[in-house]
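Student: I am new to this structure and would like a close look at a single part of it. Please take the place where two neighbouring pieces of the chain pack together, and then say what lies around it.

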Amino acid sequence: MGPLDAVWHLLNFFAPALGVGLITVGLARLIWRRELRAAGFWRLAAWTITGCTIGLLAGLVLFGRDGRMAGYALLITGGSLALWWAGLRTARA
C-alpha cells in the first residue's frame, strides 16, 4: 500500500463520522430550533463529529475491525451524547 492509498483509507474511515455528525446537527437544529438557537452550528458540529470519531475508534479497538454494526452504533451513540452535551444540556440549564 502506497502513501496515497493510506491517505484514502484514513479519509474513508473518518467519512462516516463527518457525514453523520453534520446531518445530525442539521436535523437537531430543525427539531430543537428554540433550544439550540444560542449554540452555533459549527460549534455543535465540531462536538458531534468528535463524538462520532471517538465512537468509530472505540468500535475499531473493541471489535478489531471497521464496518461492524455495533461499531456504527457506537458512532451514533458518541455523536448523540456529544450533541446533548454541547447543545441541549446547556440549553436546559
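Tutor: A helix here is a DSSP run of H or I at least four residues long, and the helices are numbered from the N terminus. With that in hand, note that the model is a predicted one. The chain has 3 helices and 0 strands, in the order α-α-α along the sequence. Its C-alpha atoms fill a box of roughly 50 × 25 × 15 Å along the principal axes.

The part to look at is the packing of helix 1 on helix 2. Two packed helices are described by the angle between their axes and by the distance between those axes. Helix 1 covers residues 3-31 and helix 2 covers residues 41-63; the angle between them is about 140°, and their axes are 8 Å apart. Angles over 145 degrees would count as roughly antiparallel and 65 to 115 as roughly perpendicular, so this pair falls under the remaining class, oblique. The crossing of helix 1 and helix 2 is right-handed.

The contact can be read from both sides. On the helix 1 side, the residues that meet helix 2 include Phe 13, Phe 14, Ala 17, Leu 18, Leu 22, Val 25 and Arg 29. On the helix 2 side, the residues include Phe 41, Trp 42, Ala 45, Ile 49, Cys 52, Thr 53 and Leu 60. By type, the residues of this contact divide into 16 nonpolar, 5 polar and 1 charged.

Thr 53 shows one point of the contact in detail. This residue sits in helix 2. Buried means under 20% relative accessible area, and Thr 53 has 19%, so Thr 53 counts as buried. Leaving out residues up to four places away in sequence, Thr 53 touches Phe 14 and Ala 17. Ala 45 gives another point: apart from neighbours within four places in sequence, Ala 45 is in contact with Leu 22 and Val 25.

Val 25 and Ala 45 also belong to the largest nonpolar core, which has 10 residues. Other members of that core include Ala 28, Leu 36, Leu 44, Ile 49, Leu 83 and Leu 88. Helix 1, helix 2 and helix 3 (69-92) each supply at least two residues of this core. Apart from it lies another core, of 5 residues, with Phe 13, Ala 17, Cys 52 and Leu 75 among them. Over the whole chain, buried residues make up 28% of the 93 residues.

Thr 50, in helix 2, has a relative accessibility of 43% and counts as partly exposed. Thr 77 lies in helix 3 and is partly exposed, with a relative accessible area of 42%. The C-alpha atoms of Thr 77 and Gly 51 are 8.1 Å apart, with the two residues 26 apart along the chain.

The loop between helix 1 and helix 2 holds Glu 35, which is partly exposed at 29% relative accessibility. Glu 35 and Leu 88 are 53 residues apart in sequence, while their C-alpha atoms are 6.7 Å apart. For the chain as a whole, among contacts between residues at least 6 apart in sequence, 58% join residues at least 24 apart.

Technical notes: Residues numbered from 1 in each chain as written. Predicted model: local features only at pLDDT ≥ 70, side-chain atom pairs only at ≥ 80, totals over all residues. Heavy atoms only, no water. Axes fitted to C-alpha atoms, helices over the stretch in contact; angles between N-to-C directions. Parallel < 35°, antiparallel > 145°, perpendicular 65-115°, else oblique. Left-handed = near helix turned anticlockwise from the far one by under 90°. Contact = heavy atoms within 4.5 Å. Nonpolar A, V, L, I, M, F, W, Y, C, P; charged D, E, K, R; others polar. Core = buried A, V, L, I, M, F, W, Y, C linked by side-chain atoms within 4.5 Å. Buried < 20%, exposed > 50% of the residue type's maximum accessible area, 1.4 Å probe, protein only.
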